[in-house]
Amino acid sequence: MNSVITIDEVSVGYGMRPVQSGISVRIEKSEIFAIVGDSGSGKSTLMKAMTGLIKAQSGRILFDGKTVEERMTNGAPPFGILFQSGALWSSMTVLENVTMPMDLLDYSAPAARAALARFKLALVGLAGDEDRYPASLSGGMRKRAALARALALDPAVLFLDEPSAGLDPLSARRLDELVKTLRDGLGITVVLVTHELESLYSIADRMIFLDGEAHRPVALGSPAQLAKSADSSKVREFLARRGRMSAEQAEVIR
Amino acid sequence: MEAADDWRWGSVEAAFLARILDELRSGSRERALAGVPPELEKLLMLACASPRAAGAGATTLPGFVARVGLRARHDARGLRAFVSLLGEVVLLLPRFAMARAKVRGAEVLEVLAESSSRALVIVAVVNVLMGAILAFVGAVQLRRFGAGIYVADLVGIASVRELTPIITAIVLAGRTGASFAARIATMQGNEEVDALTTLGVSPVEFLVLPRAIALTLLMPMLYVYGCAFAIVGGLWVSASTLDISAAAYWAATRGAIGGANFAIGGLKAAVFGALVALLGCHCGLQAERSAAGVGSATTRAVVVSIVGIIALDAVFAVCANALDV
């Protein structure tokens, strides 16, 4: 398998204080890879370092052998991001939000951009909502619109920062299914930051667990495998809560 | 500790008991809790297990000198970020001139339309009143020497050269600069700025440049408009208190203002416009990602803009004096 992302002995944090150290992992093509951990363990910080929003304190993060900065100088970034809040540009319509990355980076022929954006919006189930403004959308629709924007430049990697945060369980599961369908259909690699066990079990191929107290990763593997045989009792305990969560969520969905 | 079977407790009683338990060592605590209802015991153990109750994580406020130092370091960082933003805008100007910058023309026009239409009434009112006040003050003094007609010179020169650019810029700082800061700070909080950055698009190019260009173009226009109203304010008071005719007042004003004063005022207006836009955007970009951050960015934008406008005006005064214009 080809490694799309290589993380090599990376430390991340703010100022001089590392939040996580010694992170090394290779993420394969078309894999759904989850970054999991307790609150404040540095999941989103690692994602910010991977996407170039902050600099890693040490180590290297490579996309197909090149750093983010090297990839950016050659045009479009190698990834799209679904931010936790959606981060849609509020002064633009849904369609403009999706066409804007294409306009800014001169992606594809100008005449084709609107059609491409409409296709991406149809993929996420927002056909017919193109002219609406973000403020008039529900939380789930906003996330899906942001997902369409993240797909605007046909990225090789899709980063999802807690995609189900703020969504009801039913919308969250639908979003999970959508991510899986997009991965299968488009062949993209997905890096997911989450602490939703249902998302983890239903879509993640592998996960890394960042321990907020030890300030280092303590487990790497598939969720099912780690639930049974992770060295860290914290990881086993975290993953073992799934049954109870599912029952509660099923109740909510009912 | 012992409690009667029918004893009922609330958070006040629980907090009091937890405070007593804090003082005891763990072995003594268990003995002390014997006889306490199990629900309350759980609550008290929970309170004692927290780091604060155990005395861990206690924070002390830094001393006065340390706070002054931290504040100075924070302000120095802010100043460095502003200089960096200013430099980036200057470097982007040639790209903008060659239509290669990632600036949406519609955004510039939108900012222009929004900022101008909402400022027209307040700029007119403030300048009419300022012209009238100058005329009142001048009339009282100049009438004593039979030099009432020089009120036109006073109002004309003072408003065209100094007061109209400053007052119009302050109005713009309070309205438009503050709204730039609030808008961009909100975008920071909603990760909209991060969404731009991850596309490889500079927020300065996309958000700051159009606003700076719009206000640099808008301010000279508002300045001319404001000058007209200041002169009308002066005329209104002069005609009513000094019996000066409109034609005589206008002729005296035209003679007094001159091209140099008008050019200096116009140049100041353009520079103040750019300053208000840059400071508003800078405060927005530096804002903390919270609702309180939006509020403090807005306040800071207005305060630093007003101070900046007056400081720049002083620089203009020194330069004009040195150049004898």
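Contact here means heavy atoms within 4.5 Å. By that criterion, among contacts in chain A between residues at least 6 apart in sequence, 66% join residues at least 24 apart. The structure is a predicted model, in which local features need pLDDT of at least 70, side-chain atom pairs count only at pLDDT 80 or more, and totals for chains, interfaces and linings use all residues. Residues are numbered from 1 along each chain as its sequence is written, chains are lettered from A and ligands numbered from 1 in the order in which they are written, and side-chain values use heavy atoms, with hydrogens and water left out.

Chain A contains 10 helices and 9 strands. Helices (H or I, at least four residues) and strands (E, at least two) are DSSP runs, numbered from the N terminus. The radius of gyration of chain A is 18 Å, close to the 18 Å that the globule rule gives for 254 residues, so chain A is as compact as a globular protein of that length. This radius is taken over C-alpha atoms, and the globule rule is 2.2 Å times the number of residues to the power 0.38. The C-alpha trace of chain A spans about 55 × 50 × 35 Å along its principal axes. Of the 254 residues in chain A, 51% are buried. Buried means under 20% relative accessible area, exposed over 50%, and partly exposed in between (1.4 Å probe, protein chains only).

Chain A holds an open sheet of 6 strands with mixed pairing, in the order β5-β6-β7-β3-β8-β9. Two strands pair if DSSP finds at least two bridges between them. The edges are β5 (79-82) and β9 (216-221) of chain A, each of which pairs on one side only. Neighbouring strands of this sheet are turned by 15° against each other on average, direction ignored. Axes are lines fitted to C-alpha atoms, for helices over the stretch in contact, and angles run from 0 to 180 degrees between N-to-C directions. Helix α9 (residues 233-240) of chain A packs on the sheet and touches β3, β8 and β9 of chain A. The direction of α9 makes about 120° with that of β8(A).

Strand β3 (residues 32-37) of chain A is mostly covered, with 6 of its 6 residues buried. In a regular strand the side chains alternate between the two faces of the sheet. From β3(A), A:Ile32, A:Ala34 and A:Val36 point one way. A:Phe33, A:Ile35 and A:Gly37 point the other way. Strand β3(A) runs parallel to β7 (residues 189-193) of chain A, joined by 4 bridges. Here A:Ile32 stands opposite A:Val190, and A:Phe33 has A:Val191 as its bridge partner. Strand β3(A) also runs parallel to β8 (residues 206-211) of chain A, with 5 bridges between them. A:Gly37 stands opposite A:Leu210 in β8(A).

A:Arg183 lies in helix α6 (residues 169-186) of chain A. This arginine, A:Arg183, is buried, with a relative accessible area of 11%. Leaving aside neighbours within four places in sequence, A:Arg183 is in contact with A:Ser30, A:Glu31, A:Ile32, A:Ile188, A:Val190 and A:Asp205.

Strand β1 (residues 3-14) of chain A pairs with β2(A) over 8 bridges in the antiparallel sense. A:Tyr14 has A:Arg17 as its bridge partner in β2(A).

In chain B, the axes of helix α6 (residues 150-189) and helix α8 (residues 203-241) come within 7 Å and cross at roughly 145°. By class, the contact of α6(B) with α8(B) has 18 nonpolar, 7 polar and 2 charged residues. Ala, Val, Leu, Ile, Met, Phe, Trp, Tyr, Cys and Pro count as nonpolar, Asp, Glu, Lys and Arg as charged, and the others, Gly among them, as polar. B:Gly308 lies in helix α10 (residues 291-323) of chain B. B:Gly308 is buried, with a relative accessible area of 17%. B:Gly308 and B:Leu275 are 33 residues apart in sequence and 7.6 Å apart in space, C-alpha to C-alpha.
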